Amino acid sequence: MSQYVIAIDQGTTSSRAIIFDHHGDIVSSGQKEHEQIFPRAGWVEHDPAEIWNNTREVIGNALSKANLTRHDIAAVGITNQRETAVVWDRTTGKAVYNAIVWQDTRTQNIVDELAKDGGVERYKAKVGLPLATYFSGTKIKWILDNVDGAREKAEAGDLIFGNTDSWVTWNLTGGTDGGVHITDVTNASRTLFMDLETLSWDEGILADFGVPLSMMPEIKSSSEVYGTVHGSQLLREVPVAGILGDQQAATFGQAAFDKGGAKNTYGTGNFMIVNTGEEIVHSKNGLLTTVCYRLGDAKPVYALEGSIAVTGSLVQWLRDNLGIIKTAPEVEQLATTVEDNGGVYIVPAFSGLFAPYWRSDARGAIVGLTRFVNKGHIARAALEATAFQTREVLDAANADSGVDMEDLRVDGGMVANDALMQFQADILGIPVIRPKVTETTALGAAYAAGLAVGFWKDTDELATNWAEDKRWNPSMDEAERERQLRLWKKAVTKTFDWVDEDVQ
């Protein structure tokens, strides 16, 4: 009997393969970063061919480290960076343009044009999302409008689209030799094109964008057998049986299966998801309505989401662009060389502001600078920016749900940072809890795949795997918390209205 499930985590900065056992513990993993391509200010791209090559490599690494073969693997689950759009030729298997990443802001003119009729919330009642550069739909339109011959090929039925889950699945299951062109409901809900109630593509919205229906992948549940790995690949004949967008996968991996369950993932950006059960809840406070997951033929489970564009990538910016640190973990050491932020606040609106503001005209700002300020204050302010942004999203979630969250489950790479997690608890005023397995994104994808093939029986069994590792309790007094929040909100206002017609 196969003893393990493998998850492919195709993320914003790297692709990983992680093998899990029945207890949800990590057996082995492989990881490889891919190039971040910045052709112009505000443009962010990835090479789809590099992503696919890296995916195959990390699968091999994970299997070899654990001395396992395909016969030991019960199923493959996939999780991915959502909203990152790939358009490729179904005949050649080659992308017609680089993948346009979720952080990319080049499509603002498309957003503005579509918003002339009905504003940015033109489609929100149906799809749960405002018109924004963040989502896949505007990226597809940009490729069709700007790549020579793309629109003609698309109209002829030769081009197909997918977020990176679809790209990896299509290649895994055969590519040009019978590859399965699908996505799951969680990824489909991030395109601007899926009706939340019917879970199908809305042909009227597709027509407004000028995107042919023939390009779109078939929408499946998050947990079912979609096909098997094809040909001579290391995992050949293993079922591909689970797909969840990365934030929904982390929610699933955190075992937040019940209405009101919530998690916050600290990655390239931050993403808080609150499970709303089988009810579609439309936010009045700047959150997105999205699909949390759907298991087979069961009813879909929905969620509210607060999306923050820049958190972990701010630390990368300190490392790669400013050279203040040499490695990401050094930011914590540098931040602890000072007692506080020295009056400095960093608002990292590199791609505009996401939840709860949705201000595409915003750009990043460092405020409160004096001669007193040093590198330690900048490092501390960078970490605190993550915590402040999370507080604003949590406030929005509490307002929408009418119930205040009593604690916050956290995961992702930055939760290893004790200084950040303590400040997070302080600024929230509630405990912050880290699970024993912090790779909850990959774990969620593994769970979805394992459920589909009977490796795990049900979500109750999965919930028993969750265990607390560490808890941070707030220690900041209320007056200081309110003072810090007041100054943060003041700093945020300084980023508004920066982008004019002649400014990117």
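1. Contacts in the protein chain (heavy atoms within 4.5 Å) are counted here between residues at least 6 apart in sequence, and 71% of these join residues at least 24 apart. The model is a predicted one, in which local features need pLDDT of at least 70 and side-chain atom pairs count only at pLDDT 80 or more, while totals for chains, interfaces and linings use all residues. Residues are numbered from 1 along each chain as its sequence is written, and side-chain values use heavy atoms, with hydrogens and water left out.

2. The overall dimensions may be noted next. The C-alpha trace of the protein chain spans about 65 × 50 × 45 Å along its principal axes.

3. The protein chain contains 16 helices and 23 strands, assigned as DSSP runs (helices H or I, at least four residues; strands E, at least two) and numbered from the N terminus. Of its 504 residues, 60% are buried, where buried means under 20% relative accessible area, exposed over 50% and partly exposed in between (1.4 Å probe, protein chains only).

4. Helix H9 (residues 246-253) is largely enclosed by the rest of the structure, because 8 of its 8 residues are buried. Among them are Asp246, Phe252 and Gly253. Ala255, which follows H9, has a positive phi, near 60°.

5. Salt bridges (a side-chain nitrogen of Lys or Arg within 4 Å of a carboxyl oxygen of Asp or Glu) number 33. Asp246 of the enclosed helix H9 also belongs to a salt-bridge network with Arg82, Glu83, Arg190 and Glu305.

6. Asp89 is buried at 7% relative accessibility, whereas Lys153 is partly exposed at 37%.

7. Arg481 is buried at 7% relative accessibility, and Glu478 is partly exposed at 46%. Asp361 and Arg359 form a salt bridge at 3.0 Å between the closest N and O atoms; Asp361 is buried at 16% and Arg359 partly exposed at 24%.
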